[in-house]
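Have the sequence and the model side by side as you read.

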Amino acid sequence: MAPSLARRFARLARPRRPESLPVALDRKRIYVLPTRFGLFFAALVFTMLLGALNYNNNPALLLALLLGATALASLIFAHLQLAGLRVEAMSADPVPVGSPLLLHVALASRDARVRHGLRLDAGGTHAFSLLPAGEGVVVELPLPTHQRGWYDLDRVRVSTTQPLGIARAWSWIWPDSPLLVYPAAEVQGPPLPLAENGGTKARLDPAGEDVHQLRNYRAGDARRAIAWKPSARRSQLLVRDYEQPLGRDVDLDWATLTTLSHEHRIQRLAHWIESAEREGLRYRLRLPDQPALGPANGPAHRHQCLRALALLPHATP
């Protein structure tokens, strides 16, 4: 069957639109058909049956009927492998475009059946899993990424050919959970732009290295912070206050990159965001027609900035 024709037939299967998770697989959304080996097996049994009837061979007729009953039992068993299976959640952490997006699929079962040979297919990749009775398991699917922004996750197929490979039972899951792909950072990009004021700020920090001032001792101050010589001169305990440089706040401005192409600007800003995070600097991201993000740093701010870059409109040719 041609791939386009197969996709058209697949669109007729349930579900026909994205759905919220969790979902339980019931008989209305499980499909069972013979595999290629199953078709060969059926042709073989049919040939044996014709020969047994033609030659009035009762042992051969009994064997053909037993094999046919085995095939029917295999179809029922394959259906039961999926019936009652629950898909609890699907999620994936954002990755830069070009890296595989690792889709986590949480499966669970509440009955006493062990699910053998479960196969998950999505994005041209597949993974196998075994689900113990009454337990849960998380299956990982690496999905290829080709462009930044929202990842268009089509339906995920859950299938099995257990126990004999004669029949394949399958069902479709179409989650409405969005998946995000970050833009790729520029390789060997330039260093971060300097702050406009060129200066740095500092804050008081007991773990700092530069002495800021002396003050009177307070209960709970560390012994290493006591200034013994000045304390002896003043006949009271004095404590050193240390300061720690905060570093400059860096402005990452879309408008300053006018010489670069649209996508190259995005890659340059992504590179600067990663550089600022590595150096522990606070940064502010300025994008067209959007409020400035920051100044801040840390995982939450990094995600907010990379998400804003990922969702920028693509350049028109």
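Which residues does T125 touch, not counting residues up to four places away in sequence? They are L120, L141, P142, L143 and P144, where contact means heavy atoms within 4.5 Å.

Before going on, a word on the source: this is a predicted model, where local features need pLDDT of at least 70, side-chain atom pairs count only at pLDDT 80 or more, and totals for chains, interfaces and linings use all residues. Residues are numbered from 1 along each chain as its sequence is written, and side-chain values use heavy atoms, with hydrogens and water left out.

T125 sits in strand 7 (residues 125-131), and its side chain reaches the backbone oxygen of A122 at 2.9 Å. Strands here are DSSP runs of E, at least two residues, and helices are runs of H or I, at least four, numbered from the N terminus.

L143 turns up again in the largest nonpolar core, which has 31 residues; L143 is listed with L82, L85, L103 and L107 as touching the most other members. Such a core is a set of buried Ala, Val, Leu, Ile, Met, Phe, Trp, Tyr and Cys residues joined through side-chain atoms within 4.5 Å, with buried meaning under 20% relative accessible area (1.4 Å probe, protein chains only). Strand 5 (residues 101-108) gives the most to this core, four residues. Another core lies apart from it, with 25 residues including L306 and A310.

Both L306 and A310 are buried in helix 6, as are H301, C305, A308 and L309. The cover over those buried residues includes these elements:

| Element | Residues |
|---|---|
| Strand 9 | 149-151 |
| Strand 12 | 179-182 |
| Helix 5 | 262-279 |
| Strand 17 | 282-286 |
| Strand 18 | 293-296 |

Technical notes:
Buried < 20%, exposed > 50% of the residue type's maximum accessible area, 1.4 Å probe, protein only. Polar contact = N/O pair within 3.5 Å; in protein donor to acceptor, adjacent residues only side chain to side chain.
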